[in-house]
Every structure is written in structure tokens, then in C-alpha cells.
Amino acid sequence: MEQRETDEDVRAYTMHPKFNMLHYHLYFASDIRTYTHTHTHTPRSSRRKLYAHVVDSILLYGAPIWSTAAQKRAYIRQAESAHRRACLRVIGGRPHVSYEATYVLAGIPPLALLADERARLYSRRREDAKDEERLATLSKWQEAWDRSTKARWTHRLIPNIRTWIERRHGELNYHLTQLLTGHGFFKHHSQRYDHKQSAQCPVCPTSNENAEHVFYHCPRFSGERERLHALLHEVMTPESTTRLMLASEPNWLAVASFAHSVVTGLRDEGTDRRG
Ligand SMILES: [Zn+2]
């Protein structure tokens with residue numbers, strides 16, 4: 001009931017003669033947050049899906065009526081940055097995280113794929129079409145994810161989109177997103193924006209300080225890592241990370257708390273170095 005009213009609200013909003021992308025941006029900045037927060041009785045992962053649903057409804061309400069490919073491309077270009085900002089908010093990510101990684105982590109297909117799906121559904125109008133077309137979207141998304149040259153660290157951790165987005169537990173936050181994207185307080189990462197900086201780990205002369213080094217190897221965090229491995233009953237490698245996280249909610253929380261310690265440790269060191 002509540003869900004249907006909200007759909008209607010969204011539709012009424014987007015059908016308004018004064019609807020344009022600027023209003024859409026403003027709407028996103030304020031109301032969506034309130035909207036998702038008023039559904040506090042639903043688990044957070046469902047709220048994320050609800051959120052994605054609202055994103056789809058707003059951005060794609062006109063999808064089936066785009067008559068040319070050029071028209072569609074122009075719209076997607078315009079709407080994509082807003083869509084991506086919404087996805088970044090879901091994962092607690094920073095603006096420089098790549099589009100590819102943002103969509104996979106948020107579990108929301110790229111806008112262009114969603115638009116194609118909407119158009120296919122419009123031409124079919126059958127009850128069972130929805131699941132079938134979503135599967136087709138997922139397989140196209142997976143192909144693009146495997147082919148891309150971007151976000152390869154995230155791809156190494158999350159090779160399979162479907163097992164990741166169909167999980168039944170697990171909320172992302174700022175610290176986990178640093179582990180999963182490799183974007184954060186790592187010297188290797190900061191160096192990309194400031195070439196005068198060294199990427200070398202301050203305690204390991206032969207290693208670059210990147211996400212793999214910091215989370216999986218650097219002796220500065222061996223205490224935290226041992227506690228994590230004891231909780232998981234095995235050693236976590238990049239290749240086993242998401243399998244372990246998806247295996248159970250306590251596992252997920254153990255990895256989240258490990259990521260929290262490492263990221264705050266690095267942040268405090270950075271503050272010391274600068275101060
Ligand atoms: Zn090190």
C-alpha cells in the first residue's frame with residue numbers, strides 16, 4: 001500500500017510540466033533521504049532496493065518513448081551523473097570512485113542498461129517478462145564488467161555481480177568501500193593526484209602502499225588481521241574476500257570492523273605525518 005502511494009508520488013512528480021533535470025537534482029538532494037529514512041521498519045538492504053526502485057522510476061519514466069538512439073544517448077548523458085551520485089550515496093563512496101565500481105558495489109545496473117531493459121519490457125507487456133529481462137540486463141552488465149579496463153581491483157574482489165547483489169545481508173559503508181575500491185588513504189592512491197608524493201609504504205621499503213598491501217600484507221595491521229582470521233577461521237585473501245563476507249552476517253561484520261580499524265589507523269597516521 002505504502003509502496004504504491006510512493007510510486008504514484010514519484011510519477012506525479014515526474015509528470016509535472018515543470019519537471020526537468022534541475023528539479024530532479026534538488027529532489028534527490030533532499031527528499032530521497034527523507035523518503036528512505038521514513039521506511040525504518042524495513043531492513044537496510046531492502047531500503048537500498050527501494051531506493052534503487054525510486055531512482056529507476058524517476059530517471060526512466062520516459063524510456064519507452066525515446067524514438068531515436070541519439071535522443072536516448074543525450075538523455076542518458078544528462079541523467080548519468082545524477083544517477084551515479086545517488087549510487088555513490090548508497091555505498092558511502094567518494095566522487096573519484098569509477099562509474100563501473102560504483103554501480104557494482106551499489107548493486108544498481110548502469111543507467112543505459114536499465115533504459116534498454118525498460119524499453120524491452122514496454123514492447124513485451126507480459127507478466128513473466130520482468131524477471132527474464134532483468135536476467136538479460138545482468139548478463140550484459142556482467143559482460144561489460146569483465147571487459148572493462150577500469151576498477152580492476154574491485155573486479156578481482158567481486159568478479160561475479162549476481163552473487164554480490166543478490167546477497168541477503170551486508171551493508172556497505174565508507175570503510176568497506178575503501179577496501180573494495182582501493183580508493184582511500186593509501187599513498188599509492190594519493191600519488192595519482194599528487195605526483196610529488198611517494199607511493200612507498202612507510203614501513204615496507206619494497207612495497208607500494210595500495211589497498212592490497214595495506215589490507216592483506218602490511219605488518220602495521222597484523223594484529224587486526226590476526227583477529228579477523230581467527231573470527232573467519234581462515235586467512236582472507238583478495239580472492240576469498242567476498243566469498244567470506246557473503247557466507248554469513250557475522251563474517252561480513254568482522255570484515256567491516258577490520259576495514260574500519262585499518263582505515264582509521266591510516267587516517268590517523270596521515271594526520272600525524274602532516275601535523
Ligand atoms: Zn607496509
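The model is a predicted one, in which local features need pLDDT of at least 70 and side-chain atom pairs count only at pLDDT 80 or more, while totals for chains, interfaces and linings use all residues. Residues are numbered from 1 along each chain as its sequence is written.

His233 sits in the loop between helix 13 (222–232) and helix 14 (241–247), helices being DSSP runs of H or I with at least four residues and strands runs of E with at least two, numbered from the N terminus. Although His233 is not a glycine, its phi is positive, at about 65°. Most residues other than glycine have a negative phi.

## A buried loop residue: Ala151

Ala151, in the loop between helix 7 (129–147) and helix 8 (152–157), also has a positive phi without being a glycine, with a value near 55°. Ala151 counts as buried, since 24 C-beta neighbours fall inside 10 Å.

## The protein as a whole

The protein has 15 helices and 0 strands, and buried residues make up 27% of its 275 residues. Of the contacts with a separation of 6 or more, 59% join residues 24 or more positions apart, a contact being a pair of C-beta atoms, placed from the backbone, within 7 Å.

## Helix 4 and its bend

Helix 4 (residues 69–91) has 23 residues, which at 1.5 Å a residue should span 33 Å, and the 31 Å between its end C-alpha atoms agrees with this; the expected span is 1.5 Å times one less than the number of residues. Helix 4 bends by about 40° at Ala79, the bend being the angle between axes fitted to the seven residues ending there and the seven starting there.

The buried residues of helix 4 include His83, Arg84, Ala86, Cys87, Val90 and Ile91. Just after helix 4, Gly92 takes a positive phi of about 65°.

## Packing of helix 4 on helix 6

Helix 4 packs with helix 6 (residues 111–124) at an angle of about 125°, and their axes are 9 Å apart. Helix 4 is therefore oblique to helix 6, as angles under 35 degrees count as roughly parallel, over 145 as roughly antiparallel, 65 to 115 as roughly perpendicular and the rest as oblique. Lys72, Ile76, Ala79, Glu80 and His83 in helix 4 meet Leu111, Ala112 and Ala115 in helix 6.

Note on methods:
Buried ≥ 20, exposed ≤ 12 C-beta atoms within 10 Å, placed from the backbone. Axes fitted to C-alpha atoms, helices over the stretch in contact; angles between N-to-C directions. Contact = placed C-beta atoms within 7 Å.
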